[in-house]
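I open a new notebook page today. The structure comes first, then what I looked up in it.

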Amino acid sequence: MSSYQTIQVLLNSNIRDVKGQKVAQKCQTQLNIETGKVQSTKLYSVNYALSNDQVQAFGEHCIKDQVTDNILVNELYQPTDYACAIAIAKLPGVTDDEGTSAQMALADFLNIDIDVNTQHIFSQEIYFFQNELNAQQLQLIAKRILGNPLINHFTFATKEEGKISFAPYVPKVQMTVDDTTEYIDLELSDEELIHLSKTKVLALNLAEMKAVRDYYRNEDNLEQRSALGLSKQPTDCELEILAQTWSEHCKHKEFNAVINYENKETGETKKVNSLFKTYIKGATDKVMASLTDNNNDWVVKVFTDNAGVVKATKDKLFVWKVETHNSPSALDPYGGAITGILGNNRDPLGTGVGGAKLLFNTNVLCFGPPSYDKPLLSGQLHPRQIMEGVVSGIEDGGNKSGVPTVNGSVVFDERYAGKPLVYCGTGGLMDYDYHGAPSWEKPIDDGDMILVAGGRVGKDGIHGATFSSIEIDEHSPMSAVQIGSPITQKKASDFMIIACQKGLVKCSTDNGAGGLSSSIGELATISNGAVVHLEKVPLKYSGLKPWEIFVSESQERMTIVAEQDKYEELAALAKLMEVELTDIGRFTNTGVLEVCYNNKHVAALDMEFLHDGVPQKIMEAVWEKPELHEPELATDLDYNKILLQLMGSLNICSRESIIRQYDHEVKGKTIIKPLMGPEGKAPQDAAIVRIGFDSYEGIAVSNGILPRYGDIDAYQMSAGAFDEAVRQIISTGGSLPNTQEKDGIFWSINDNFCVPDSDYNAETNPDGKIKCAKLVQMCEALYDMATYFDIPLTSGKDSMKNDFKADGVKISVPATILYSMSSKIQDVRKTITSEFKAAGDLVYVLGTTYDELGASEFYSLFGELGANVPLVHKEVAKTLYKKVMAANAKGLISSSHDISDGGLAVTLVESAFGGQLGVDVDLASLGDLPLNAKLFSESHSRFVVSIRPEDKEAFEVLLGDQAYYLGTVTAATQVNIQDKGAAVVDLPVQELLESWSNGLIL
Amino acid sequence: MVKALVLTGFGINCEEEMAAAYKLAGAHADIVHLNEIFINGFDIHNYDILNFPGGFSFGDDIASGKVMANKIKYKTLPSGQTFIAELKQFIQAGKYVLGVCNGFQMLVRMGLLPNLGEQFEQEVSLSHNNSGRFEDRWVYCKVSEDCKTPFLKGIDVFPLPIRHGEGKLIIKNEELRNTIIEQKLNCLSYCTADGSLTSDYPANPNGSDLDCAGLSDPTGQVFGLMPHPEAFLSLYNHPNWGQIKRKNPSISEDGEGLNIFKNIVAHVAQEKAIEV
């Protein structure tokens, strides 16, 4: 048992073992394994020099619950009434928050100063199973239900001589210290250069490798290097810095590439010089000019910081960012999602000076179906396991940080079974004024201190940035997994907020992809240089090489820039708040990024080359329209049956079992939550969050995502998703921007592209040209929509390699774009929810319905795609939205729900059960469209609204021919839909609600 | 003026809305990091009401509120005594303590609630919800007749959000259970809309014994509850505000959770007036 002492926690026999029961139930429902009774226990292995009595007393007082628990100290539970057991420990180096918290408890209990920053107490869980299970079943339970082999160590035990016993595994990190720096020869053949890039996970292509080689051939650079004691060859640290800085993840090389585009459908050819500059920045530049023309000056900072910044109120800025964390979530769903959300929280926190107060989280998730039954490829996790892990990661990441998850969306498609998409968004507020200076700027001068605050550095997350820039395969590096610690981050973020309030921080940024290499490398562009001393960086355990310290993506760290005379006060505050703060270097103006270890240089790179030396990529795009046709469906459809099926289908059904696991109202400011109405069943369009307790000003948040439309038309998919995000905000009572001078109605978009590998290669990616063409079309739609609606893109992200390759098979995601939008709400009390409010109200559909069932949820019930994808008519849409705004200004609309997946029928049903009311309508006003189209077409820019009967005239005058009267809200809870007097649907609301509620149970 | 102290740090995250609640109720409120007390010797005795807000102190590790309770019981302050000793003095001085959600879990684990034995030993526990998961949902709460705490004065049935994974009350033994009932310390219970107590999920969201949502100590000065009154300061926090306002357009724009804070602030103000 070496030097470890143990404390094992058992529930008293009269206490219900909720965790054990949950495991038994999951084994049964997900794996079809009958485990019998399951008992859960916890084990702590303590590696401090303590007496047996001290550990006994610590266990009794600080670990054991006096009412529910019993403990065993230095003795392991060896039950006789169970047949087998699985112990789940962490692998070496994996964050063990529970162990760390126990360490803090020990320090408090004994009132002694012990090292709590490195791991001395290790926690693990042990489950005992009543039934005899074979090795294969135990393996399956361990890997699918209890843990993940990438981060967990499993110990299996079966009954021997009447009892179960085993030695506990302790994940002590044991590495020999190796702080050598290696020089790497780049005078190699092309083939060897590519091989080097691959074996070192540099993710650089041949042209980029050659550009690096040429830098080291340059005589001017050599002189400078030898002055600093470096040879003419690059060090491992330099190559790693270049690889991180030039990674697709950080440099967006494909969005900055030259694309030769040919549209075979129209005959058009063009050369696009950077999708980003042409369409995204191009759109924003045009929008800003249009806003300025109208004296709307709320855009403050776009693209150049961790998050976009707009002016929210007279003295507050709104800062927000949405990004993806797909690759890490594919490998370790819980860890990937939690680091995704925590990492994204650090973006607003590290924008401008820093210290924004976080207001909300939002997340959009794309998964394979939970019932996926294809054989799993090597390294591929089951979609259900990915979904459950990601959801718990978001739950812990948001809940434990005290940031409400105010809305989101979940999309299912088999093509997300390899790589899920995990979009995390966070909005925050910061004061406009920072002690007399602009808070959104990042001033840095020669001599300013480089400080790191928060968590320590380990091997976790090394190569995250480069790894996410290539497709996942069965050889993906284990060290790419990052493990989040919400409590560490909460302490760091509390510290940042107070430090900024006190004016102690000059500016800051977060440590995400690329670690210190990226955060310091980018900040150093402001002063034009930096010197970093890596031996000062606090480590989780010894044994890291200098380059590993510099590029590690260990989480929960902020890089702070401070003036030297503020350091003492800042350090005192950090000590008080128990946040580790370390001085690791100085900013300079030498034009060089210098990295030292024990006073010897391990890297010296020219700032200009580092940031601007990457060669521009060239890509090919060719568009050919797919051959598609509309299906012929039976003419005698049973619409009661179809509507029930549709309500329960994966992309329409209730997300309640996910939503309720997220705290969506901490901070007490959430006004429109994901589920509203008398029973909390009404799904909403946009979320509304109040800015403070002293005003009713608020912010609306929405998400538009429609990947399946892209199978027919990528332009319309992108334009449609844009419209979806806009109309959700209009539906809840928002107003379009720039319709009046100086109205202060800000809008801000985060665009997030997630596409399969779109770089053509005849062997490995033969359809790359079409994928690239889709990307161009998505960008064209973005430009057209943003400039038409005058909505700026303030920040965004592109994730370009969403492919999962193993065993010779490739699973690629469909080209996906998410538009996340936020906008100012003048008075949250005037916002509108989706559920019907009272019987007798009149029901209308606003906006024109077309025969557009292509890629609809209705067609997918029949396994059909169709051809008539919904088209966006942006001019018509804008006119309608202005009318809706006018109606809302007069308080004429009682409920409003935008029409999306499932079309009109589904929207009517949701508004009815949401308000615990019924609805009686006739679709005659929609004219001579086919009945299927009237019911289920997903035509854009439409709403189902209800109004008070006494407002009929005023409402109809305002909305004109865009309002189609359908019928009334009824007290009887029945959904009755007719078409020209003929019965179509007649169902109890309760039956529809049940079908909707039972479609997805987590 | 009535002064409320709101504690924060180590993962507490509802301190701002708690402070806002006191301000809306007419009191002065300060948010103070716990280490101001533990390291700098900040004096709590200048305040009338001490508040442990919700959140995830130490990430709910070991058990919710456990590590913080441990700190409060055992860590030595600059004064040489423990924080719990200060708390005893605070309560003996006739002052008030409120714990919400994670704050309630702390109070229970450090023995401030229900404290029948007056020994500040843990007598009940708040354990994993029967659903086995964290849940955010709105529930109805019923205030028991003859309840002892001024926090709940004049309130009958009202809705509040719960947001927790460990809220199921478990009482150590039958004798304690009977005493809790006799002394009417189970002052707040989960109920249906009409006010009938219920053990049925989800109206009772966690399977709590006695359908209990909140407890007071025998003096009524210490009160803890799982639901979040500070998250219902405005009518517009309620998930059904749309229909509520439609039915009653002139309804107050205050949320019903605010009443708890108004109650205690008024009560303390009255006590202070008498003292003067």
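**Chain A as a whole**

I began with contacts in chain A between residues at least 6 apart in sequence: 82% of them join residues at least 24 apart. Two residues are in contact if their C-beta atoms, placed from the backbone, lie within 7 Å.

I noted the ground rules. This is a predicted model, where local features need pLDDT of at least 70, side-chain atom pairs count only at pLDDT 80 or more, and totals for chains, interfaces and linings use all residues. Residues are numbered from 1 along each chain as its sequence is written, while chains are lettered from A and ligands numbered from 1 in the order in which they are written.

I looked up the elements next. Chain A has 29 helices and 41 strands. Helices (H or I, at least four residues) and strands (E, at least two) are DSSP runs, numbered from the N terminus. The radius of gyration of chain A, taken over C-alpha atoms, is 29 Å, close to the 30 Å from the globule rule (2.2 Å times the number of residues to the power 0.38) for 1002 residues, so chain A is as compact as a globular protein of that length. Its C-alpha trace spans about 85 × 75 × 60 Å along the principal axes.

I checked burial too. Of the 1002 residues in chain A, 59% are buried. Buried means that 20 or more other C-beta atoms lie within 10 Å of the residue's own, with C-beta atoms placed from the backbone.

**Strand β30 of chain A**

I picked β30 (residues 747-754) of chain A, where eight of eight residues are buried. W747(A), I749(A), D751(A) and F753(A) point one way, and S748(A), N750(A), N752(A) and C754(A) point the other way.

Which strands does β30(A) join? Eight bridges link β30(A) to β34 (residues 816-825) of chain A, running antiparallel. Six bridges link β30(A) to β31 (residues 793-799) of chain A, running parallel. I followed F753(A): I817(A) stands opposite in β34(A), and D798(A) is the bridge partner in β31(A).

**Chain B**

I turned to the sheet of chain B. Nine strands form an open, mixed sheet in the order β2-β1-β3-β4-β11-β10-β9-β6-β7. Two strands pair if DSSP finds at least two bridges between them. The edge strands β2 (28-33) and β7 (157-164) of chain B each pair on one side only.

Last, I looked up the interface. There, 50 residues of chain B are in contact with 57 residues of chain A.

Note on methods
A residue is buried if 20 or more other C-beta atoms lie within 10 Å of its own, exposed if 12 or fewer, and partly exposed in between; C-beta atoms are placed from the backbone.
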